[in-house]
Amino acid sequence: MSETIVQNKRVLEAYESFAKHLKNFLDEQQFNHEEYTNFVNWADRLGKSGEIPLFLDDFIETYVLEAKYKGLPGTEPSLLGPYFVEGSPLLEKQPFIIPERPDEAGDKLVFYGNASSVNGQPLANTKVEWWQDDSDGLYSNFDSKAPDFNLRGHFYTDENGDFEVHARVPIPYQIPTSGPTGEFVRAAGYHAYRPAHIHMKLEHEGHETLITQVFFEGDEWLETDVAKGVRTSLLTKLEQVGDHKEASLNFVLRTL
Ligand SMILES: [Fe+2]
């Protein structure tokens with residue numbers, strides 16, 4: 001039996017466009033064969049190490065997002081990154097308490113958010129996924145020793161689109177540097193830091209899913225984020241209030 005061939009026109013279109021621009025890039029760079037072979041070997045190590053998502057999310061994803069969303073109304077997306085996992089716990093009542101260990105370190109954070117539509121309507125019942133690093137700069141389900149889904153959760157906005165979350169202030173972290181991604185970072189002379197950020201994913205019917213991050217004014221890595229994920233519209237102030245820190249940001253979703 002012969003295999004049915006289903007052509008995906010988008011694949012062809014994307015490859016042909018890539019090849020066209022690649023030619024200009026190669027004319028400019030004039031790689032010799034040794035450099036090409038070094039690249040092939042590095043890409044092979046990248047694949048074998050499982051770091052392809054890490055590398056692409058840190059060095060390519062920002063350009064994908066900028067190309068599609070720059071200048072559009074609504075909150076700007078930022079990187080999904082490699083650390084999102086499905087299946088986080090559902091948090092049922094406000095304030096939403098993000099799960100943490102009994103001895104979780106780090107400053108307490110109270111975060112106030114709101115979801116609305118570009119047409120001005122508040123978006124009640126918007127599903128919000130929240131994930132962040134811990135005070136060691138690590139993510140649960142990946143490199144942290146914390147239980148799975150520590151500092152991760154999802155919840156729904158109230159009738160006004162509002163939500164209040166109690167979590168921990170995230171800290172800047174370095175992307176992993178022990179593998180081929182680190183080889184690249186060192187060869188380029190970059191540092192490996194990302195400024196502190198909270199990851200959020202907001203979903204509401206009739207609207208484009210917004211995958212974004214919240215950053216804090218004054219973070220020393222904002223200008224040189226290794227993954228270039230910072231957008232000025234995603235910056236907020238972190239303020240000391242009594243024994244904890246507070247921050248807020250409103251999220252505006254584009255209609256489909
Ligand atoms: Fe992150």
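Trainee: Which residues does leucine 202 touch, not counting residues up to four places away in sequence?

Mentor: Ala115, Thr126, Val128, Leu210, Phe251 and Leu253. Keep in mind that this is a predicted model.

Trainee: Which core residues touch the most other members?

Mentor: Leu202 is one of them, along with Trp130, Val165 and Leu253. They belong to the largest nonpolar core, which has 30 residues.

Trainee: Which strands each supply at least two residues of this core?

Mentor: S2 (108-117), S3 (127-131), S5 (162-168), S8, S9 and S12 (244-253).

Trainee: Switching to sheets. What is the strand order in the open sheet of five strands?

Mentor: S4-S3-S8-S9-S10, with mixed pairing.

Trainee: Which strands stand at the edges?

Mentor: S4 (152-156) and S10 (235-236). Each has a single partner strand, so one side of each has no neighbour in the sheet.

Trainee: And S8 with S9: parallel or antiparallel?

Mentor: Antiparallel. Six bridges join S8 (residues 197-203) to S9 (residues 210-216). One example is histidine 197, whose bridge partner in S9 is phenylalanine 215.

Trainee: Now isoleucine 98. Where does it lie?

Mentor: Isoleucine 98 is in the loop between S1 (96-97) and S2.

Trainee: Buried or exposed?

Mentor: Buried. Isoleucine 98 has 25 other C-beta atoms within 10 Å, and the cut-off for buried is 20 or more.

Trainee: What does isoleucine 98 touch, leaving out residues up to four places away in sequence?

Mentor: Trp130, Leu151, Gly153, Val165, His166 and Ala167. Trp130 and Val165 were on the list for the largest core, too.

Trainee: How many residues apart along the chain are isoleucine 98 and histidine 154?

Mentor: They are 56 residues apart, and their C-alpha atoms are separated by 8.5 Å.

Trainee: Zooming out, how many helices and strands are there in the protein?

Mentor: Five helices and 12 strands. Buried residues make up 30% of the 256 residues.

Trainee: What share of the contacts with a separation of 6 or more comes from residues 24 or more positions apart?

Mentor: 72%.

Trainee: Last one. What are the domains?

Mentor: Domain 1 spans 9-49 and domain 2 spans 64-253. Their centres, taken over C-alpha atoms, are separated by 32 Å. The C-alpha atoms of the protein fill a box of roughly 60 × 45 × 40 Å along the principal axes.

Key
Residues are numbered from 1 along each chain as its sequence is written. This is a predicted model: local features need pLDDT of at least 70, side-chain atom pairs count only at pLDDT 80 or more; totals for chains, interfaces and linings use all residues. Helices (H or I, at least four residues) and strands (E, at least two) are DSSP runs, numbered from the N terminus. A residue is buried if 20 or more other C-beta atoms lie within 10 Å of its own, exposed if 12 or fewer, and partly exposed in between; C-beta atoms are placed from the backbone. Two residues are in contact if their C-beta atoms, placed from the backbone, lie within 7 Å. Domain bounds come from an automatic or database domain assignment. Two strands pair if DSSP finds at least two bridges between them. A nonpolar core is a set of buried Ala, Val, Leu, Ile, Met, Phe, Trp, Tyr and Cys residues joined through C-beta atoms within 7 Å.
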